[in-house]
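Thanks for coming, everyone. I'll keep this brief. Please have a look at the structure on the screen.

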Amino acid sequence: MIRSIYIRVVLTFLVSVIAGTVISFFVSTWIFEEKLNENAQINLRNFGQDVLQIYKALPEREADLYVSGMKQLSSYHIRIYEASGEFKSYGKLNGHKSATVTSEQLKKVLDGGVVQATSNRIATGFIGIPLKTEMETKAMFLETLSPPSTSFVIKWGLIFASCSLIAGSLLILVASIYLVRPIKKLTQATKRIAAGDFNVKLNIKQTTEIGTLARSFEEMMHDLKQLEQMRREFVTNVSHEVQSPLTSISGYASALKQVNLSEQERNRYLDIIISEAKRMSKMSDSLLKLSLLESQSQQLRLSSLSLDEQIRRVIVALQPQWSGRNIHFELDLENVKITADHDQLNQVWTNILGNSIKFSKDGGMIKVGIEEDIKTVIVRISDTGIGIPLEDQKRIFERFFKADRSHSRKYDGSGMGLAIVKQIVSLHQGEIRVESEPGQGTTFIITLPFHPPTDT
(Lines give C-alpha, C1' and ligand atoms only; values in the text may rest on other atoms or scores of the structure.)
Protein backbone atom coordinates (compact mmCIF):
# COMPACT_ATOMS: atom_id res chain seq x y z
CA MET A 1 0.00 0.00 0.00
CA ILE A 2 1.45 3.32 -1.10
CA ARG A 3 0.98 5.84 1.71
CA SER A 4 2.62 8.91 0.18
CA ILE A 5 0.16 11.16 -1.63
CA TYR A 6 3.03 12.67 -3.62
CA ILE A 7 4.02 9.25 -4.95
CA ARG A 8 0.39 8.41 -5.55
CA VAL A 9 -0.14 11.56 -7.61
CA VAL A 10 3.02 10.99 -9.63
CA LEU A 11 2.25 7.34 -10.25
CA THR A 12 -1.36 8.14 -11.08
CA PHE A 13 -0.22 10.69 -13.65
CA LEU A 14 2.36 8.36 -15.17
CA VAL A 15 0.02 5.38 -15.26
CA SER A 16 -2.71 7.51 -16.79
CA VAL A 17 -0.47 8.92 -19.51
CA ILE A 18 1.17 5.58 -20.26
CA ALA A 19 -2.14 3.75 -20.25
CA GLY A 20 -3.67 6.40 -22.48
CA THR A 21 -0.75 6.20 -24.88
CA VAL A 22 -0.83 2.41 -25.03
CA ILE A 23 -4.59 2.37 -25.53
CA SER A 24 -4.33 5.01 -28.24
CA PHE A 25 -1.52 3.12 -29.95
CA PHE A 26 -3.47 -0.11 -30.14
CA VAL A 27 -6.65 1.66 -31.22
CA SER A 28 -4.92 3.65 -33.94
CA THR A 29 -2.86 0.63 -35.03
CA TRP A 30 -5.97 -1.50 -35.12
CA ILE A 31 -7.71 1.12 -37.26
CA PHE A 32 -4.89 1.86 -39.69
CA GLU A 33 -2.55 -1.12 -39.83
CA GLU A 34 -4.82 -3.35 -41.82
CA LYS A 35 -5.75 -0.46 -44.08
CA LEU A 36 -2.13 0.52 -44.64
CA ASN A 37 -1.05 -3.01 -45.51
CA GLU A 38 -4.06 -3.50 -47.72
CA ASN A 39 -3.38 -0.27 -49.60
CA ALA A 40 0.31 -1.15 -49.97
CA GLN A 41 -0.50 -4.60 -51.33
CA ILE A 42 -3.09 -3.22 -53.74
CA ASN A 43 -0.63 -0.66 -55.05
CA LEU A 44 2.03 -3.35 -55.35
CA ARG A 45 -0.29 -5.68 -57.27
CA ASN A 46 -1.48 -2.88 -59.55
CA PHE A 47 2.09 -1.96 -60.34
CA GLY A 48 2.85 -5.61 -61.06
CA GLN A 49 -0.09 -5.84 -63.46
CA ASP A 50 1.12 -2.73 -65.24
CA VAL A 51 4.53 -4.33 -65.72
CA LEU A 52 2.91 -7.52 -67.04
CA GLN A 53 0.93 -5.49 -69.58
CA ILE A 54 4.14 -3.88 -70.75
CA TYR A 55 5.73 -7.28 -71.42
CA LYS A 56 2.60 -8.42 -73.22
CA ALA A 57 2.46 -5.35 -75.43
CA LEU A 58 6.16 -5.03 -76.23
CA PRO A 59 8.95 -7.36 -77.25
CA GLU A 60 11.02 -8.52 -74.30
CA ARG A 61 14.03 -6.36 -75.09
CA GLU A 62 11.94 -3.20 -75.50
CA ALA A 63 9.91 -4.03 -72.45
CA ASP A 64 13.12 -4.36 -70.39
CA LEU A 65 14.22 -0.91 -71.54
CA TYR A 66 10.81 0.58 -70.81
CA VAL A 67 10.60 -0.91 -67.35
CA SER A 68 14.13 0.17 -66.44
CA GLY A 69 13.14 3.78 -67.09
CA MET A 70 9.89 3.83 -65.10
CA LYS A 71 9.64 6.56 -62.42
CA GLN A 72 7.84 4.14 -60.06
CA LEU A 73 11.18 2.38 -59.50
CA SER A 74 11.94 5.03 -56.88
CA SER A 75 9.31 3.32 -54.73
CA TYR A 76 9.49 -0.26 -55.99
CA HIS A 77 12.21 -2.77 -56.76
CA ILE A 78 11.78 -5.44 -59.46
CA ARG A 79 13.60 -8.74 -59.84
CA ILE A 80 12.89 -10.99 -62.86
CA TYR A 81 14.14 -14.57 -62.36
CA GLU A 82 14.81 -17.16 -65.04
CA ALA A 83 14.38 -20.87 -64.44
CA SER A 84 18.11 -21.19 -63.81
CA GLY A 85 17.88 -18.82 -60.88
CA GLU A 86 19.60 -15.89 -62.60
CA PHE A 87 17.75 -12.60 -62.34
CA LYS A 88 17.75 -9.03 -63.54
CA SER A 89 16.93 -6.23 -61.10
CA TYR A 90 15.31 -2.90 -61.88
CA GLY A 91 15.50 0.13 -59.57
CA LYS A 92 17.94 1.18 -56.90
CA LEU A 93 17.67 -0.23 -53.40
CA ASN A 94 19.06 3.00 -51.77
CA GLY A 95 20.18 1.14 -48.66
CA HIS A 96 17.06 -0.98 -48.50
CA LYS A 97 17.68 -4.66 -47.79
CA SER A 98 15.72 -6.65 -50.30
CA ALA A 99 13.57 -9.55 -49.20
CA THR A 100 14.98 -13.05 -49.71
CA VAL A 101 13.38 -15.16 -52.41
CA THR A 102 13.48 -18.84 -51.51
CA SER A 103 13.72 -21.68 -54.00
CA GLU A 104 10.21 -22.80 -53.03
CA GLN A 105 8.79 -19.37 -53.79
CA LEU A 106 10.68 -19.21 -57.09
CA LYS A 107 9.43 -22.65 -58.14
CA LYS A 108 5.85 -21.78 -57.21
CA VAL A 109 5.86 -18.64 -59.34
CA LEU A 110 7.54 -20.38 -62.29
CA ASP A 111 4.78 -22.98 -62.09
CA GLY A 112 2.17 -20.22 -62.51
CA GLY A 113 1.40 -19.50 -58.87
CA VAL A 114 1.44 -16.20 -57.00
CA VAL A 115 3.51 -15.50 -53.87
CA GLN A 116 2.45 -12.69 -51.59
CA ALA A 117 3.99 -11.82 -48.23
CA THR A 118 4.41 -8.87 -45.87
CA SER A 119 7.59 -7.94 -44.12
CA ASN A 120 8.01 -6.90 -40.49
CA ARG A 121 7.44 -3.27 -41.34
CA ILE A 122 3.97 -1.81 -41.64
CA ALA A 123 2.80 -1.08 -45.18
CA THR A 124 5.75 -2.79 -46.89
CA GLY A 125 5.99 -6.22 -48.56
CA PHE A 126 6.67 -8.04 -51.79
CA ILE A 127 4.80 -10.12 -54.33
CA GLY A 128 5.84 -12.74 -56.83
CA ILE A 129 3.85 -13.26 -60.05
CA PRO A 130 4.56 -15.30 -63.24
CA LEU A 131 5.79 -13.34 -66.30
CA LYS A 132 5.17 -15.00 -69.65
CA THR A 133 7.48 -13.95 -72.45
CA GLU A 134 7.86 -15.10 -76.02
CA MET A 135 10.46 -17.71 -75.08
CA GLU A 136 9.58 -18.88 -71.55
CA THR A 137 7.79 -18.19 -68.29
CA LYS A 138 9.81 -16.15 -65.80
CA ALA A 139 9.19 -15.17 -62.18
CA MET A 140 8.84 -11.48 -61.39
CA PHE A 141 9.17 -10.35 -57.76
CA LEU A 142 8.17 -6.80 -56.84
CA GLU A 143 9.02 -5.15 -53.49
CA THR A 144 7.95 -1.91 -51.89
CA LEU A 145 10.85 0.39 -50.97
CA SER A 146 9.21 3.51 -49.53
CA PRO A 147 6.70 3.95 -46.67
CA PRO A 148 3.31 5.59 -47.15
CA SER A 149 3.14 9.23 -48.16
CA THR A 150 4.17 11.92 -45.68
CA SER A 151 0.70 13.41 -45.50
CA PHE A 152 -0.76 10.06 -44.57
CA VAL A 153 1.83 9.57 -41.82
CA ILE A 154 1.12 13.05 -40.45
CA LYS A 155 -2.58 12.33 -40.46
CA TRP A 156 -2.02 9.05 -38.66
CA GLY A 157 0.24 10.75 -36.09
CA LEU A 158 -2.33 13.49 -35.38
CA ILE A 159 -5.07 10.96 -34.84
CA PHE A 160 -2.79 8.95 -32.57
CA ALA A 161 -1.87 12.03 -30.51
CA SER A 162 -5.53 13.08 -30.24
CA CYS A 163 -6.59 9.64 -29.06
CA SER A 164 -3.72 9.61 -26.54
CA LEU A 165 -4.66 13.03 -25.18
CA ILE A 166 -8.35 12.20 -24.86
CA ALA A 167 -7.76 8.80 -23.23
CA GLY A 168 -5.11 10.17 -20.83
CA SER A 169 -7.27 13.16 -19.89
CA LEU A 170 -10.26 10.94 -19.12
CA LEU A 171 -8.15 8.68 -16.92
CA ILE A 172 -6.61 11.68 -15.11
CA LEU A 173 -10.08 13.17 -14.61
CA VAL A 174 -11.41 9.98 -13.03
CA ALA A 175 -8.32 9.59 -10.83
CA SER A 176 -8.36 13.24 -9.71
CA ILE A 177 -11.97 12.93 -8.55
CA TYR A 178 -10.89 10.17 -6.17
CA LEU A 179 -7.92 12.19 -4.93
CA VAL A 180 -9.68 15.55 -4.58
CA ARG A 181 -12.92 14.38 -2.94
CA PRO A 182 -11.45 14.05 0.61
CA ILE A 183 -9.73 17.43 0.26
CA LYS A 184 -13.08 19.02 -0.58
CA LYS A 185 -14.56 17.37 2.49
CA LEU A 186 -11.79 18.83 4.65
CA THR A 187 -12.33 22.28 3.13
CA GLN A 188 -16.06 22.18 3.84
CA ALA A 189 -15.42 20.90 7.37
CA THR A 190 -12.96 23.75 7.98
CA LYS A 191 -15.59 26.32 6.98
CA ARG A 192 -18.13 24.73 9.33
CA ILE A 193 -15.67 24.73 12.21
CA ALA A 194 -14.80 28.35 11.50
CA ALA A 195 -18.53 29.09 11.84
CA GLY A 196 -18.58 27.37 15.25
CA ASP A 197 -20.02 24.01 14.23
CA PHE A 198 -17.88 21.25 15.74
CA ASN A 199 -20.26 18.36 14.91
CA VAL A 200 -18.68 17.43 11.58
CA LYS A 201 -18.29 13.87 10.29
CA LEU A 202 -15.65 13.36 7.60
CA ASN A 203 -15.96 9.58 6.99
CA ILE A 204 -12.58 9.43 5.22
CA LYS A 205 -11.17 5.90 5.47
CA GLN A 206 -8.00 6.27 3.39
CA THR A 207 -4.64 5.19 4.82
CA THR A 208 -2.58 7.80 2.93
CA GLU A 209 -1.54 11.22 4.23
CA ILE A 210 -5.09 12.37 3.45
CA GLY A 211 -6.46 9.72 5.81
CA THR A 212 -3.91 10.66 8.48
CA LEU A 213 -4.77 14.35 7.99
CA ALA A 214 -8.48 13.56 8.29
CA ARG A 215 -8.00 11.69 11.57
CA SER A 216 -5.77 14.48 12.91
CA PHE A 217 -8.43 16.95 11.80
CA GLU A 218 -11.11 15.04 13.72
CA GLU A 219 -8.89 14.95 16.81
CA MET A 220 -8.28 18.69 16.46
CA MET A 221 -12.02 19.26 16.07
CA HIS A 222 -12.68 17.25 19.25
CA ASP A 223 -9.99 19.21 21.11
CA LEU A 224 -11.41 22.51 19.86
CA LYS A 225 -14.85 21.47 21.03
CA GLN A 226 -13.49 20.65 24.48
CA LEU A 227 -11.46 23.86 24.52
CA GLU A 228 -14.54 25.89 23.67
CA GLN A 229 -16.44 24.19 26.49
CA MET A 230 -13.53 24.83 28.85
CA ARG A 231 -13.41 28.45 27.76
CA ARG A 232 -17.06 28.92 28.55
CA GLU A 233 -16.67 27.21 31.91
CA PHE A 234 -13.59 29.32 32.59
CA VAL A 235 -15.45 32.54 31.88
CA THR A 236 -18.27 31.41 34.15
CA ASN A 237 -15.92 30.31 36.94
CA VAL A 238 -13.68 33.38 36.76
CA SER A 239 -16.70 35.66 36.64
CA HIS A 240 -18.05 33.97 39.75
CA GLU A 241 -14.69 33.88 41.53
CA VAL A 242 -14.02 37.54 40.77
CA GLN A 243 -17.53 38.81 41.30
CA SER A 244 -17.86 37.28 44.75
CA PRO A 245 -14.84 38.98 46.38
CA LEU A 246 -15.48 42.21 44.50
CA THR A 247 -19.01 42.31 45.85
CA SER A 248 -17.73 41.73 49.37
CA ILE A 249 -14.99 44.34 49.04
CA SER A 250 -17.41 46.89 47.57
CA GLY A 251 -20.06 46.21 50.22
CA TYR A 252 -17.77 46.37 53.22
CA ALA A 253 -15.87 49.36 51.83
CA SER A 254 -19.19 51.24 51.59
CA ALA A 255 -20.04 50.14 55.13
CA LEU A 256 -16.76 51.67 56.38
CA LYS A 257 -18.12 55.11 55.42
CA GLN A 258 -20.64 54.92 58.24
CA VAL A 259 -19.69 57.29 61.02
CA ASN A 260 -21.26 55.37 63.90
CA LEU A 261 -19.24 52.16 63.33
CA SER A 262 -17.52 50.71 66.36
CA GLU A 263 -13.82 50.00 66.24
CA GLN A 264 -14.52 46.24 66.46
CA GLU A 265 -16.89 46.33 63.48
CA ARG A 266 -14.49 48.50 61.49
CA ASN A 267 -11.64 46.04 62.07
CA ARG A 268 -13.89 43.10 61.12
CA TYR A 269 -14.87 44.81 57.86
CA LEU A 270 -11.24 45.56 57.11
CA ASP A 271 -10.25 41.95 57.80
CA ILE A 272 -12.94 40.78 55.34
CA ILE A 273 -11.73 43.23 52.69
CA ILE A 274 -8.12 42.10 53.18
CA SER A 275 -9.15 38.42 53.05
CA GLU A 276 -11.11 38.88 49.81
CA ALA A 277 -8.26 40.87 48.28
CA LYS A 278 -5.84 38.06 49.16
CA ARG A 279 -8.26 35.58 47.58
CA MET A 280 -8.27 37.57 44.33
CA SER A 281 -4.49 37.91 44.46
CA LYS A 282 -4.10 34.16 44.95
CA MET A 283 -6.35 33.45 41.98
CA SER A 284 -4.36 35.92 39.87
CA ASP A 285 -1.09 34.28 40.91
CA SER A 286 -2.49 30.84 40.01
CA LEU A 287 -3.53 32.08 36.57
CA LEU A 288 -0.09 33.58 35.96
CA LYS A 289 1.74 30.49 37.23
CA LEU A 290 -0.36 28.15 35.07
CA SER A 291 0.22 30.34 32.04
CA LEU A 292 3.99 30.26 32.58
CA LEU A 293 4.02 26.48 33.10
CA GLU A 294 1.94 25.80 29.99
CA SER A 295 4.13 28.03 27.84
CA GLN A 296 7.23 26.25 29.31
CA SER A 297 8.91 29.62 29.57
CA GLN A 298 9.67 28.86 33.22
CA GLN A 299 12.80 26.70 33.35
CA LEU A 300 13.33 24.14 36.07
CA ARG A 301 16.02 24.88 38.62
CA LEU A 302 17.15 21.36 39.39
CA SER A 303 18.87 20.40 42.60
CA SER A 304 19.24 17.31 44.77
CA LEU A 305 16.61 17.11 47.51
CA SER A 306 15.31 14.65 50.07
CA LEU A 307 11.79 13.84 48.91
CA ASP A 308 10.55 12.39 52.20
CA GLU A 309 11.83 15.38 54.14
CA GLN A 310 10.14 17.80 51.72
CA ILE A 311 6.76 16.07 52.09
CA ARG A 312 7.07 16.11 55.88
CA ARG A 313 7.78 19.87 55.83
CA VAL A 314 4.72 20.50 53.64
CA ILE A 315 2.52 18.52 56.04
CA VAL A 316 3.86 20.57 58.96
CA ALA A 317 3.27 23.82 57.04
CA LEU A 318 -0.37 22.78 56.47
CA GLN A 319 -0.92 21.92 60.13
CA PRO A 320 -3.32 24.85 60.74
CA GLN A 321 -5.65 23.34 58.13
CA TRP A 322 -5.79 19.78 59.52
CA SER A 323 -5.05 19.93 63.23
CA GLY A 324 -8.28 21.72 64.17
CA ARG A 325 -10.37 19.18 62.23
CA ASN A 326 -8.68 16.23 63.93
CA ILE A 327 -7.37 14.83 60.63
CA HIS A 328 -4.56 12.30 61.06
CA PHE A 329 -1.67 11.36 58.78
CA GLU A 330 -0.23 7.91 58.26
CA LEU A 331 3.23 8.18 56.74
CA ASP A 332 5.29 5.46 55.06
CA LEU A 333 8.16 7.55 53.71
CA GLU A 334 11.41 5.96 52.66
CA ASN A 335 14.55 8.06 52.62
CA VAL A 336 14.73 8.99 48.93
CA LYS A 337 16.82 11.61 47.17
CA ILE A 338 15.89 12.87 43.72
CA THR A 339 16.90 15.66 41.37
CA ALA A 340 14.07 18.16 40.90
CA ASP A 341 13.00 21.80 41.19
CA HIS A 342 12.48 22.24 44.93
CA ASP A 343 9.97 25.10 44.75
CA GLN A 344 7.92 23.58 41.94
CA LEU A 345 7.75 20.16 43.58
CA ASN A 346 6.85 21.82 46.87
CA GLN A 347 3.87 23.34 45.05
CA VAL A 348 2.79 19.85 43.93
CA TRP A 349 2.65 18.42 47.46
CA THR A 350 1.02 21.59 48.80
CA ASN A 351 -1.77 21.50 46.22
CA ILE A 352 -2.47 17.76 46.47
CA LEU A 353 -2.27 17.57 50.27
CA GLY A 354 -4.32 20.77 50.52
CA ASN A 355 -7.05 19.17 48.41
CA SER A 356 -6.92 15.98 50.50
CA ILE A 357 -7.35 18.00 53.68
CA LYS A 358 -10.09 20.20 52.20
CA PHE A 359 -12.23 17.30 50.95
CA SER A 360 -11.64 14.99 53.95
CA LYS A 361 -14.18 14.62 56.68
CA ASP A 362 -13.36 15.73 60.21
CA GLY A 363 -11.44 12.97 61.96
CA GLY A 364 -10.41 11.47 58.63
CA MET A 365 -7.15 9.82 57.68
CA ILE A 366 -4.64 10.78 54.98
CA LYS A 367 -1.98 8.24 53.96
CA VAL A 368 1.24 9.24 52.26
CA GLY A 369 3.71 6.64 51.00
CA ILE A 370 6.87 6.51 48.88
CA GLU A 371 8.00 3.54 46.80
CA GLU A 372 11.20 3.16 44.79
CA ASP A 373 11.50 1.58 41.37
CA ILE A 374 14.61 1.02 39.25
CA LYS A 375 14.42 4.42 37.56
CA THR A 376 11.49 6.14 39.26
CA VAL A 377 10.01 7.00 42.61
CA ILE A 378 6.26 6.66 43.24
CA VAL A 379 4.37 8.84 45.73
CA ARG A 380 0.85 7.81 46.81
CA ILE A 381 -1.41 10.27 48.64
CA SER A 382 -4.74 8.77 49.76
CA ASP A 383 -7.59 10.37 51.68
CA THR A 384 -10.99 9.25 52.97
CA GLY A 385 -12.84 12.24 51.56
CA ILE A 386 -15.86 12.72 49.32
CA GLY A 387 -14.20 11.11 46.27
CA ILE A 388 -14.45 12.07 42.60
CA PRO A 389 -17.11 10.79 40.15
CA LEU A 390 -15.79 8.63 37.32
CA GLU A 391 -16.89 11.08 34.60
CA ASP A 392 -14.96 13.88 36.33
CA GLN A 393 -11.75 11.87 36.86
CA LYS A 394 -10.87 12.29 33.18
CA ARG A 395 -11.04 16.09 33.44
CA ILE A 396 -9.77 17.03 36.88
CA PHE A 397 -6.35 17.98 35.46
CA GLU A 398 -7.85 20.31 32.87
CA ARG A 399 -7.55 24.02 33.25
CA PHE A 400 -10.28 25.75 35.28
CA PHE A 401 -12.20 22.52 35.85
CA LYS A 402 -13.87 22.12 39.24
CA ALA A 403 -14.71 18.47 39.81
CA ASP A 404 -17.25 18.91 42.58
CA ARG A 405 -19.25 21.85 41.26
CA SER A 406 -22.14 21.14 43.62
CA HIS A 407 -19.82 21.95 46.55
CA SER A 408 -18.15 24.95 44.93
CA ARG A 409 -19.48 27.32 47.54
CA LYS A 410 -18.54 25.03 50.46
CA TYR A 411 -15.05 24.25 49.16
CA ASP A 412 -13.13 27.30 48.02
CA GLY A 413 -10.92 27.05 44.96
CA SER A 414 -10.62 28.19 41.37
CA GLY A 415 -10.11 24.73 39.87
CA MET A 416 -6.53 25.45 38.78
CA GLY A 417 -4.57 23.66 41.50
CA LEU A 418 -4.47 20.23 39.84
CA ALA A 419 -3.83 21.77 36.44
CA ILE A 420 -0.72 23.39 37.94
CA VAL A 421 0.27 20.03 39.49
CA LYS A 422 -0.11 18.29 36.14
CA GLN A 423 2.10 20.82 34.36
CA ILE A 424 4.83 20.67 37.02
CA VAL A 425 4.91 16.86 36.98
CA SER A 426 5.04 16.88 33.17
CA LEU A 427 7.96 19.32 33.22
CA HIS A 428 9.79 16.82 35.42
CA GLN A 429 9.06 14.09 32.82
CA GLY A 430 6.79 12.37 35.31
CA GLU A 431 3.19 11.13 35.37
CA ILE A 432 0.21 11.65 37.63
CA ARG A 433 -3.03 9.69 37.79
CA VAL A 434 -5.99 9.40 40.12
CA GLU A 435 -8.01 6.53 41.58
CA SER A 436 -11.25 7.41 43.30
CA GLU A 437 -14.79 6.33 44.20
CA PRO A 438 -17.47 8.75 45.38
CA GLY A 439 -17.76 8.57 49.15
CA GLN A 440 -14.72 6.28 49.45
CA GLY A 441 -11.88 8.75 49.09
CA THR A 442 -9.25 9.56 46.48
CA THR A 443 -5.70 8.42 45.77
CA PHE A 444 -3.22 10.44 43.71
CA ILE A 445 -0.28 8.48 42.29
CA ILE A 446 2.71 10.57 41.21
CA THR A 447 5.61 8.93 39.36
CA LEU A 448 8.86 10.92 39.06
CA PRO A 449 12.25 9.99 37.60
CA PHE A 450 15.24 10.16 39.92
CA HIS A 451 17.02 12.35 37.37
CA PRO A 452 14.74 14.04 34.78
CA PRO A 453 16.40 14.70 31.40
CA THR A 454 17.52 18.25 30.87
CA ASP A 455 17.17 20.28 27.65
CA THR A 456 20.39 20.72 25.69
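How many of the eight residues of strand S5 are buried? Keep in mind that this is a predicted model. The answer is seven of the eight, in a strand that covers residues 137–144. So S5 is largely enclosed by the rest of the structure.

Now its pairing. Strand S1, residues 76–81, is joined to S5 by six bridges. The two strands run antiparallel. Take Arg79 as a way in: its bridge partner in S5 is Phe141.

Next, a helix. H2 spans residues 60–68. Which of its residues are buried? Ala63, Asp64 and Val67 are. Look down the axis of H2, and its buried residues fall within an arc of 105 degrees, so they line one face of the helix. An α-helix has 3.6 residues a turn, so residues three or four places apart point the same way. Then turn to the face of H2 that points away from its buried side. There you find Arg61 and Leu65, both exposed.

Last, the backbone in two loops. Most residues other than glycine have a negative phi. Asn326 has a positive one, near 60 degrees. Where is Asn326? It sits in the loop between helix H8, 319–322, and strand S7, 328–332. Its relative accessibility is 45%, so Asn326 counts as partly exposed. The cut-off for exposed is over 50%.

Gln429 is another residue other than glycine with a positive phi, near 60 degrees. Its loop lies between helix H11, 417–427, and strand S11, 431–437.

That's my tour. Over to you.

Technical notes
Residues are numbered from 1 along each chain as its sequence is written. This is a predicted model: local features need pLDDT of at least 70, side-chain atom pairs count only at pLDDT 80 or more; totals for chains, interfaces and linings use all residues. Side-chain values use heavy atoms; hydrogens and water are left out. Buried means under 20% relative accessible area, exposed over 50%, partly exposed in between (1.4 Å probe, protein chains only). Helices (H or I, at least four residues) and strands (E, at least two) are DSSP runs, numbered from the N terminus. The arc is that of the directions from the helix axis to the C-beta atoms. Two strands pair if DSSP finds at least two bridges between them.
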